[in-house]
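Subject: The structure, and what turned up in it

Hi,

Here is the structure I promised to pass on. Have a look at it first, and then read my notes below.

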Amino acid sequence: MIELRNVSFSYEGSANRALDDVCLSIAPGEFVGVIGPAGAGKTTLMHTLSGIVPHVRRGDFFGSASVAGLDTVTSTVAELSKTVGCVFQDVESQFVTTMVEDEILFALENFSIPRDEIPERVDRALSDLDIADLRSRSLSSLSGGQKQKVALAAALALSPNVLALDEATGELDPASSVQVFTLLSQLRRERNTTVIVVEQKIMLLSAFADRLIVMDQGSIAIDDPVRQTLERPGRLLELGVNCPRVTTLAARLRDKGLYHGAPPINLDEAETMARGILR
Ligand SMILES: Nc1ncnc2c1ncn2[C@@H]1O[C@H](COP(=O)(O)OP(=O)(O)OP(=O)(O)O)[C@@H](O)[C@H]1O
Ligand SMILES: [Mg+2]
C-alpha cells in the first residue's frame, strides 16, 4: 500500500536532509503511529505521502515513494488526494473555503462523489466528529480543536484508502482525542483503511496503533510493533520520546524484581499488572 525506498529529501535552499534514506513499507489496513522530537522529519514524511513533498514544498528528492500503486513523484497532488486523505499539522493552511459545511462539500464535489451520496456523507462526517452544531459556522470563528475536527471530517467524508494525520488531535481535549482514534480504528476495521498518524500522545498511539515508528534527524530510528518499541524505554528517552508512565513504572518494577510480565500498553493492562503485584 505504502512503499518508500531510500527516500531522501532536502528542502529548497537547505543543506540538511529533512528525510535521510527512509525505507518504509505499510500494508493495507495497518494503523501506524509516528513519533519523534521536533524537526525529526515527521511532517516531511507525511507530506511525502500526499505528494506535497516534492510538488508543493520543493527540494531535492531521491529514492522512490508509492502509495496504492501511485508513484508520488510522477503523480499529481490531485491524483494522490483521491487515495490519501490528509490532515495537516498547520490545519488552517489546508482550508480552501470559509465555512464548515462548504469545507466538507468542497472535497466531496471535487472528487466526483455521486451527487445523491453527498448530503448523507456530509451528515455522517459531521456526526462522526460530533460537530453537527458547527455546520453553518465560519471557519474563522472556530477554536483550534474545532478546526481540527472540521479538517478530520472533510478528510473522512471522502473515505480515502489512506488517512495521513499530522498531529491532528493536538488541540483536542483527551476525550475528543480518544473519540477520533476510536473512529480511525473503526475505519480500518470496517473499510481496511490504512491509518498513519503523527502524534505526540504516546499513550494514545500505544493503545490504538499496531506499529510505532520513531523518527530522529530525518531517519527511522525504530520501526517495531508497539509493545516491542515500548520495551526499550531507555532508547526512547535517548531519542527524545517519553514512554507512557505505566510502561516506565513497569520497567522500574521489573528492575526491582517485582514484575516479570510484558510492559502494559494501556490502562487495562496496567490494572492487571497492579493486581498481580498486590495479590
Ligand atoms: N519549508 C521548509 N524549508 C526548509 N526547511 C524545512 C521546511 N520545513 C521543514 N524544514 C526542516 O526540515 C526538518 C524536518 O522538519 P519537519 O517539519 O518534517 O519535522 P517534524 O518532525 O514534523 O517537527 P515538529 O515536531 O516540529 O512538527 C527540520 O530540520 C526543519 O527545520
Ligand atoms: Mg511536524
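In which sense do strand S4 and strand S5 pair, and over how many bridges? S4 and S5 (residues 70–71) run antiparallel and share two bridges. Before I go on, a word on how to read this: the model is predicted, so to speak, with local features needing pLDDT of at least 70 and side-chain atom pairs counting only at pLDDT 80 or more, while totals for chains, interfaces and linings use all residues. Residues are numbered from 1 along each chain as its sequence is written, chains are lettered from A and ligands numbered from 1 in the order in which they are written, and side-chain values use heavy atoms, leaving out hydrogens and water.

**The hairpin and its neighbour**

Helices and strands here are DSSP runs numbered from the N terminus (helices are H or I with at least four residues, strands are E with at least two). Two strands count as paired if DSSP finds at least two bridges between them. S4 and S5 form a hairpin with two residues between them, and Ala68 in the turn has a positive phi of about 50°. Val67 has Leu70 in S5 as its bridge partner. S4 also pairs with S1: the two strands run antiparallel and are joined by eight bridges. There, Ser10 has Asp60 in S4 as its bridge partner.

**Aromatic pairs**

Rings of Phe, Tyr and Trp (its six-membered ring) pair if their centres lie within 6.5 Å; planes under 30 degrees apart are called stacked, over 60 edge-to-face, and the rest tilted. By this rule there are four aromatic pairs. In one of them, the ring centres of Phe9 and Phe61 are 6.4 Å apart and the planes stand at 55°, so this pair is tilted. The pair links distant parts of the chain, with Phe9 in S1 (residues 2–11) and Phe61 in S4 (residues 59–67), 52 residues apart. Both Phe9 and Phe61 are buried, where buried means under 20% relative accessible area, exposed over 50%, and partly exposed in between (1.4 Å probe, protein chains only).

Another pair is Phe181 with Phe208: the centres are 5.6 Å apart and the planes are at 55°, so this one is tilted too. Phe181 sits in helix H7 (residues 174–191) and Phe208 in helix H8 (residues 202–208), 27 residues apart. Phe181 and Phe208 are both buried. Ring pairs also link Phe9, Tyr11 and Phe61 into a cluster.

Strands of a sheet pair through backbone hydrogen bonds, either parallel or antiparallel. An open sheet of six strands has mixed pairing and the order S6-S7-S8-S3-S9-S10. Its edge strands are S6 (84–87) and S10 (219–225), each of which pairs on one side only. Neighbouring strands are turned by 15° against each other on average, direction ignored; axes are lines fitted to C-alpha atoms (for helices over the stretch in contact), and angles run from 0 to 180 degrees between N-to-C directions.

S3 (residues 31–35) pairs with S8 (residues 194–198) in the parallel sense over four bridges. Within this pairing, Gly33 has Val197 as its bridge partner, and Val32 has Ile196. S3 and S9 are also parallel, over four bridges, and here Val32 stands opposite Arg211.

Is S3 mostly covered or mostly open? S3 is mostly covered, with five of its five residues buried. Phe31, Gly33 and Ile35 lie on one side and Val32 and Val34 on the other, and both faces are covered.

Helix H1 (residues 42–50) lies across S3, S6, S7 (162–166), S8 and S9 (211–216), and runs at about 150° to S8. Contact means heavy atoms within 4.5 Å.

**One loop residue**

Gln94 lies in the loop between S6 and helix H4 (100–110). Gln94 is buried, with a relative accessible area of 18%. Leaving aside residues up to four places away in sequence, Gln94 touches Cys86, Val87, Phe88, Glu103 and Ala151.

Best wishes
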